[in-house]
Amino acid sequence: MPSMLVLLLMATLFLGGLLILVLGVARQRRTVSLDQRLAALTEQPRTLEELELELPFRERVLQPMLHSLFNLFGKLSPSKNAGKIKQNLEQAGNPGNLTPTMFVGVRMTVGLLGAGIGFYFGTLLGLPLINRLLCVALGAVMGYIHPARHLARPQDARAQEEDLPLHARCARPTVDQR
């Protein structure tokens, strides 16, 4: 009987040890595969070039190209009224985060585009040379003035809002006022 108890105890210890060994190996395999899966899912450090290439084409190429063009044209023009332009940009909420030099460049660029459009339509309509030149001049002037008028809209809206009494600014429109 004691030998039977010893055999049963030894078998239990053997099976318990075997169970611990199997569970340890299985756990180690699961941990390794889990670590591998986590490593595959985690983000690897990317280079600056890879990050830059993830940006849309407009942000990578077009915006820097336009900003440099606006700066170039802005530097070519006299900047006597840069303080006034800066104040106007700030009052309008500075759309596009433009500097005064860039804004002057925008005006010149849009003026040149207006001149080109005037030339195109003058040629398309088959106008005489003097009328074509008039279309070019008109397009250039309209193109040059347009950014300043566009900038004045938010300023005018803000000025009108400031003229209203406080309770009128805070009041929400009712159904009848819409």
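User: What makes Gly 83 and Glu 90 exposed residues of helix H4?

Analyst: Exposed stands for over 50% relative accessible area, buried for under 20% and partly exposed for values in between, with a 1.4 Å probe and protein chains only. Gly 83 and Glu 90 are placed in the exposed class, on the other side of H4. This is a predicted model, in which local features need pLDDT of at least 70 and side-chain atom pairs count only at pLDDT 80 or more, while totals for chains, interfaces and linings use all residues. Residues are numbered from 1 along each chain as its sequence is written, and side-chain values use heavy atoms, with hydrogens and water left out.

User: Which residues of helix H4 are buried, and why are they said to line one face of the helix?

Analyst: In H4, which covers residues 82-91, the buried residues are Ile 85, Asn 88 and Leu 89. They fall within an arc of 100 degrees when seen down the axis of H4, so they line one face of the helix. That arc is taken from the directions from the helix axis to the C-beta atoms. In an α-helix there are 3.6 residues a turn, so residues three or four places apart point the same way. Just after H4, Gly 93 has a positive phi of about 90 degrees.

User: What makes Phe 103 count as buried, and which residues is Phe 103 in contact with?

Analyst: Phe 103 has 6% relative accessibility and therefore counts as buried. Phe 103 belongs to helix H5. Contact means heavy atoms within 4.5 Å. Leaving aside neighbours within four places in sequence, Phe 103 is in contact with Ile 85, Leu 89, Leu 98, Pro 147, Ala 148 and Leu 151. Its C-alpha atom is separated by 7.1 Å from that of Gly 74, 29 residues apart along the chain.

User: Why is Arg 107 called buried, and where does its charged end sit?

Analyst: The relative accessible area of Arg 107 is 17%, so this residue is buried. Arg 107 is in helix H5, residues 100-124. Its charged end sits over the ring of Tyr 144, 4.0 Å from the ring centre; the criterion is NZ of Lys or CZ of Arg within 6 Å of the ring centre and within 35 degrees of the ring normal. Not counting residues up to four places away in sequence, Arg 107 touches Gly 143, Tyr 144, Ile 145, Pro 147 and Ala 148.

User: Why is Thr 109 buried, and which residues is Thr 109 in contact with?

Analyst: Thr 109 has a relative accessible area of 11% and is therefore buried. Thr 109 also has its place in helix H5. Leaving aside neighbours within four places in sequence, Thr 109 is in contact with Leu 69, Phe 70 and Phe 73.

User: How many aromatic pairs does a search of the whole structure find, and why is the pair of Tyr 120 and Phe 121 given its class?

Analyst: The search finds one aromatic pair. The ring centres of Tyr 120 and Phe 121 are 5.4 Å apart and the planes stand at 70 degrees, so the pair is edge-to-face. Rings of Phe, Tyr and Trp (its six-membered ring) pair if their centres lie within 6.5 Å; planes under 30 degrees apart count as stacked, over 60 as edge-to-face and the rest as tilted. Phe 121 has 42% relative accessibility and therefore counts as partly exposed.

How values were computed:
Helix = DSSP H or I, 4+ residues; strand = E, 2+ residues; numbered from the N terminus.
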